[in-house]
Every structure is written in structure tokens, then in C-alpha cells.
Amino acid sequence: MTKNRCAGCGIALQTSEKDRPGFVPEGALAREPVICQRCFRIKNYNDASSVAIDQDDFLRLLGGIASTSSLVVHIVDLFDFEGSLISGLQRFVGSNPVLLVVNKIDLLPRVTNWNRLRNWVQKQARANGLKVADVVLCSARRNIGFDRVVETIAELRGDRDVYVVGATNVGKSTLVNRLIADYSDLHRELTVSRYPGTTLDAVHIPLEDGRSIIDTPGIVYKSRLSEVIPRESLQAVLPEKPLKPMTYQLNAKQTLFFGGLARFDFVEGDHQSFTAYVSQGLPIHRTKLEKADELYEAHKGEMLSPPSREGLESVPPWTRHTLRIQPNSDADVFVSGLGWIRANGKSGALVDVYAPKGVKVLLREAIV
Ligand code: GDP
């Protein structure tokens, strides 16, 4: 093998961009054999780093799955369900079964009805054109439901390879590391299979029966708020602790600001309550609609933060989404990466949501 390809996964090596596939530190080029940092980590630390690519590259990478016989494990983030679901996945998997692993369930309030939630997930997946063989709810971080994930993979896999796919930040590395730990004999050194020049970016982790777990890079979706805001703001937006629903009794012509990242105007409708499910790190400010523009101009980057004043420049400008909530509809106003606002009223409402351009905003059946 030549020195310009990784001896682990076959990707072309490069020394300039740390977060891009194929990165190897200069100093490591002298080692024999030369492997990329990602393979090095898997081999030595059991730590799959998240390499990110965009949807087009990812779908190209997936292009070959349909002609294989494999199980596809699609990991999604419950907090950003519609934002982290890979649209178009069905076309690429062919007749291979898809196991939908819904991670981060620890973020939902304890009172959640898990059966109802499972049905909700199944319904949403169907509505998004994804046929799933099974759904497993779990929390990689809190170690909830993980045995079920392993069992279901074993059941559905038979003697096939397992492709693991997901958007960035859904907890894919956390889960893959758990899978590696579960499937491999840790006393034996993990080796990364050698498929020089094939399956760009994907990491093959050999299983004992000669099959592999194939960990694909995380996909970056610019339609998720978490991908378009500065890194410093991310901490406030990504919840660490279970969501604490915040209920607001609103009259029409009142506004809620979510830091300076999004704005929710209750434009028309009877007095009713709305419940925000967002990270506790994100301050919510309430004001009158008529004062909202002025308040924003005067306080963005300061009282209305994140983002900070400096961070504001890198965030795309807001676009307005007008949504009509039907009477008796039990709906969530969902903003990808921010969370959702449950409309509790029975009489319907007209709302305007402002969010950075390109971020997915939609109405959906209430999740809880
Ligand atoms: P990847 O980018 O998909 O590989 O995701 P990572 O495994 O790096 O996880 C992304 C972020 O989500 C990290 O901050 C993790 O700590 C967090 N995370 C992963 N699993 C869970 C989970 O089950 N619950 C919660 N609350 N956070 C999680």
C-alpha cells in the first residue's frame, strides 16, 4: 500500500484539515503502517471520531448499500427528530431492513408515555417515506435501552453486515463505541479491516463472523439550527438535562424570543397556552408583538442571546414561517435543533415563527 492512503480504511490521507476525512498529523506519517486519525482512534482508543460530510456525498457513499445484503441502523436524535432523519434513505437501502434507533430519550420528561412515543416515531417515519423493520428507543448516554439495541441488531442482522448511518450529533459515535465494545473481544486488539480505495470515509469494524459494522460519517444538515449557529452558542441550545417544559399563557399579539435565535409570534387566536420544550440554557423572553421588532433591535446579542453580538454576524438572517394550527389538532411547532412549542389550545391559532434562513420549521403532531 502506498503512503498516501490509509492502511485502515483506504481513504486518501491529508495533513491539513483536522475535521475532514483522511486527516493524519504530520508526525504520524513516519509510522508504519500509516493510518488516518479516525482509524488510529478506533484502533487504539476505541473512539470513532465524527467525520462530517454533506448529504450529497453521503448519498453517494450509500449508493452501494442496495446491492449488498445488510442491516441499516439509522440513528436519530429524539430532540431533533425531523432534523436528523435522513430523507431519501429508503431509496438507497433497497430491500435491506432499516432499524430506527431513537437516541437521547433521557431528554424527555419522565412522565412520557413510551408506547405512545414509539407509535409516534413509527408514524413519523412512515410519513417521511421510511419503512422501518423496528424502532428502538434509547439513551446512549444514560445507558437506557441499549441492551435492546444490541438484541434487535442481532435479531435483524442474521449473518449480514451492519451499516450505521446518522446525522452529526445524534450520538452515533457514542453508540458505535458501545457496539464495538459489545461485539468485540476487547482483550484482542481491534483491527480495522483493509479495503483500500473502497467505501470512502466509512470505517469497517470486523465482527467475529467475518461480517463488519460499517460506520459511516455523520451528515451535516444546514437545516438544523445546531449546524448554522456559532460553536459558542451550541452549548445553550443542545440540552444536557431532561427538558423542563415551560408553559406560557398567551393572548394574541404576544411574542416569545428564544435567546436571539428564534422568535415565536402568537398572531391570531383565543387566549391559550403554549409549552416550550427547549434547552434550559436558552433564555425565553416574552413581550408584546407590537414591541418585538424594537426589542430585538435594541437587545440582540445582549439580553436576547445567544448568539452574542460577535456571533450574530455568522448566523443567517431570519425568515418568517406563517403556520396555521388547526382547532383540536394537538400540534407542535417544531424548529430543527431548537426544540418545539406545543400548542395546547383547542380553538386553533395563527403563528409566525422567525428562524435563521434554511432552518427547518414545521407543524407536526405533538410528540408528548
Ligand atoms: P455523533 O456526532 O453522532 O457521533 O454524536 P456523539 O456520540 O459525538 O454525541 C453528540 C452529543 O450528544 C455529545 O454531546 C453526546 O454527549 C450527546 N449524546 C450522545 N448520546 C446521548 C444521549 O443518549 N442523551 C443525551 N442527552 N445526549 C447524548
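Reader: Which residue in S17 stands opposite threonine 319?

Author: Residues are numbered from 1 along each chain as its sequence is written. The model is predicted: local features need pLDDT of at least 70 and side-chain atom pairs count only at pLDDT 80 or more, while totals for chains, interfaces and linings use all residues. Strand S14 (residues 318-325) pairs with S17, strands being DSSP runs of E with at least two residues and helices runs of H or I with at least four, numbered from the N terminus. Opposite threonine 319, S17 places alanine 355.

Reader: In what sense do S14 and S17 pair, parallel or antiparallel?

Author: Two strands count as paired if DSSP finds at least two bridges between them. S14 and S17 share eight bridges, and their sense is antiparallel.

Reader: Which residue in S17 is the bridge partner of phenylalanine 266?

Author: Strand S11 (residues 262-268) is joined to S17 by five bridges, and these two strands run antiparallel. Within S17, phenylalanine 266 has as its bridge partner valine 351.

Reader: How many of the eight residues of strand S17 are buried?

Author: A residue is buried if 20 or more other C-beta atoms lie within 10 Å of its own, exposed if 12 or fewer, and partly exposed in between, with C-beta atoms placed from the backbone. Strand S17 (residues 349-356) is largely enclosed by the rest of the structure, because its buried residues number six.

Reader: What is the handedness of the β-α-β crossover from S3 through helix H5 to S4?

Author: S3 and strand S4 (residues 134-137) pair in the parallel sense over four bridges, and leucine 100 stands opposite valine 135 in S4. The chain passes from S3 to S4 by way of helix H5 (residues 114-127). A crossover is right-handed if, with the strands pointing away from the viewer, the path from the first strand over the helix to the second runs clockwise. This crossover is right-handed.

Reader: How far apart are the end C-alpha atoms of H5?

Author: The expected span of a helix is 1.5 Å times one less than its number of residues. H5 has 14 residues and should therefore span 20 Å; the separation of its end C-alpha atoms agrees, at 20 Å.

Reader: Which residues does valine 76 touch, not counting residues up to four places away in sequence?

Author: Valine 76 belongs to strand S2, and it counts as buried because it has 28 C-beta neighbours inside 10 Å. Two residues are in contact if their C-beta atoms, placed from the backbone, lie within 7 Å. Beyond four places in sequence, valine 76 touches Phe81, Ser84, Leu85, Leu100, Val102, Asn103, Gly166 and Val170.

Reader: Within what arc do the buried residues of H6 fall?

Author: The buried residues of H6 (residues 146-157) are Phe146, Val149 and Ile153. They line one face of the helix, because seen down the axis of H6, where the arc is that of the directions from the axis to the C-beta atoms, they fall within 50°.

Reader: Which exposed residues does the face of H6 turned away from its buried side carry?

Author: H6 is followed by glycine 158, whose phi is positive, near 60°. On the face of H6 turned away from its buried side, the exposed residues are Asp147, Glu151 and Glu155.

Reader: Is asparagine 169 buried or exposed?

Author: Asparagine 169 lies in the loop between strand S5 (161-166) and helix H7 (172-183). Its phi is positive, about 65°, although it is not a glycine. Because 23 other C-beta atoms lie within 10 Å, asparagine 169 is buried.

Reader: Is the peptide bond from proline 306 to proline 307 cis or trans?

Author: Proline 306 is in the loop between helix H10 (289-299) and helix H11 (309-312), and the bond joining serine 305 to proline 306 is cis, with omega about 0°. From proline 306 to proline 307, omega is near 0° and the bond is cis.

Reader: How far apart do the C-alpha centres of domain 1 and domain 2 lie?

Author: An automatic or database domain assignment supplies the bounds, dividing the chain into domain 1 (46-220) and domain 2 (240-365). Nine residues of domain 1 are in contact with 11 residues of domain 2. The separation of the two C-alpha centres is 31 Å.
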